[in-house]
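The sequence and structure are shown first, and the description follows.

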Amino acid sequence: MAHPALHLYVLAILLLALSFKATSTSTSTHNRRGLKSLHFTLYQQEAINKTVYLIVKGVTGPDVSPSASPFGSLFVNQDLLTISPNSSSKVVGVAEGASITSSLDGLTNIVMEKITLELKHYKGSVSVLGTAHNIKVIDLPVVGGTGDFMFVQGYIKPSLLTFENPNIVYKIEFHLYWPSYVANHFSHSDRSSTVNGV
């Protein structure tokens, strides 16, 4: 007959395997370079003239496509972040920021965004500053954070999911990294495991 401790060990492995199966798309790991990482996806719920506003209308350049904004246009937003594309799903954050159309074709924007998050094991904000494209998926750099995201680095990858005027849904993939000298100072002891739920 097997040793009772072996049964507990096998049970623990099975429970761990089941918890990986039941988790959302959020994971937290350490890589070979000693960086702690966190990867997850949220959905930005935007509504024209409700959560995003055109503050300054720029100058329309030549041959502007329907998905373009006039050069110099300034937009501000305060959008909810949810755990699924459905706008009635659980809200876990807010994206507040501004974008300025920076190309004559109206497709490129300079984006400044503060994303405040209240996830299951992480609370705080990340700051994003970069150049986005209206049609192409481009990585936007994370330049810092607060709370549990203090000293965070990485990028987000926003992509248009649906556009049913006036509602727009963006899929936002988060890829966050902490240097090892910072990751060791967090109060949570489970930082190197899969995060159950978002």
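The model described here is a predicted one.

One partner is Ser 37, at 3.3 Å. The other is His 175, whose side chain is 2.9 Å from that of His 39.

## Overall architecture

The protein chain contains 2 helices and 10 strands. Read from the N terminus, the order of elements is α-β-β-β-β-β-β-β-β-β-β-α.

Of the 198 residues in the protein chain, 39% are buried. The accessible surface amounts to about 11400 Å², and carbon and sulfur atoms account for 62% of that surface. Among contacts between residues at least 6 apart in sequence, 52% join residues at least 24 apart.

## The largest pocket

The largest pocket has a volume of about 1100 Å³. Its lining comprises 39 residues, and those closest to the pocket centre are Glu 46, Asn 109, Asn 134, Ile 168 and Tyr 170. Two or more lining residues come from each of strand 2 (36-47), strand 3 (52-56), strand 4 (74-82), strand 5 (91-101), strand 6 (108-118), strand 7 (123-133), strand 9 (153-164) and strand 10 (167-178).

Strand 9 makes the greatest contribution to the lining of the largest pocket, with 5 residues. Sorted by class, this lining holds 25 nonpolar, 10 polar and 4 charged residues.

## The second largest pocket

The volume of the second largest pocket is about 200 Å³. Its lining consists of Gln 45, Glu 46, Ala 47, Lys 50, Thr 51, Leu 80, Pro 85, Ser 87, Asn 167, Ile 168 and Val 169. Strand 2 and strand 10 are the elements that supply two or more residues to this lining.

By class, 5 of the residues lining the second largest pocket are nonpolar, 4 are polar and 2 are charged. Glu 46 and Ile 168 belong to this lining, and both are also listed among the residues closest to the centre of the largest pocket.

Gly 144 is located in strand 8 (residues 140-147). Its relative accessibility is 14%, so Gly 144 counts as buried, the limit being under 20%. Apart from residues up to four places away in sequence, Gly 144 touches Ser 125, Val 126, Ser 127, Phe 149 and Val 152. Gly 154 is 10 residues from Gly 144 along the chain, and the C-alpha atoms of the two are separated by 8.8 Å.

Ser 69 is placed in the loop between strand 3 and strand 4. When neighbours within four places in sequence are left aside, Ser 69 is in contact with Phe 75, Thr 101, Gly 106 and Asn 134. Of these partners, Asn 134 is also one of the residues closest to the centre of the largest pocket.

Definitions and conventions:
Residues are numbered from 1 along each chain as its sequence is written. This is a predicted model: local features need pLDDT of at least 70, side-chain atom pairs count only at pLDDT 80 or more; totals for chains, interfaces and linings use all residues. Side-chain values use heavy atoms; hydrogens and water are left out. Helices (H or I, at least four residues) and strands (E, at least two) are DSSP runs, numbered from the N terminus. Buried means under 20% relative accessible area, exposed over 50%, partly exposed in between (1.4 Å probe, protein chains only). Contact means heavy atoms within 4.5 Å. Accessible areas come from the Shrake-Rupley method with a 1.4 Å probe; for residues, only the protein chains shown count as cover. On a 1 Å grid over the protein atoms alone, a cavity is a set of points where a 1.4 Å probe fits but cannot get out, and a pocket is an open set with protein on both sides within 12 Å along at least five of seven lines; lining residues have an atom within 4 Å of a point. Grid points are joined across faces, edges and corners, and a volume is the space filled by probe spheres set on the points. Ala, Val, Leu, Ile, Met, Phe, Trp, Tyr, Cys and Pro count as nonpolar, Asp, Glu, Lys and Arg as charged, and the others, Gly among them, as polar. A polar contact is a pair of N or O atoms within 3.5 Å; within protein, one must be able to donate a hydrogen and the other to accept it, and residues adjacent in sequence count only if both atoms are side-chain atoms.
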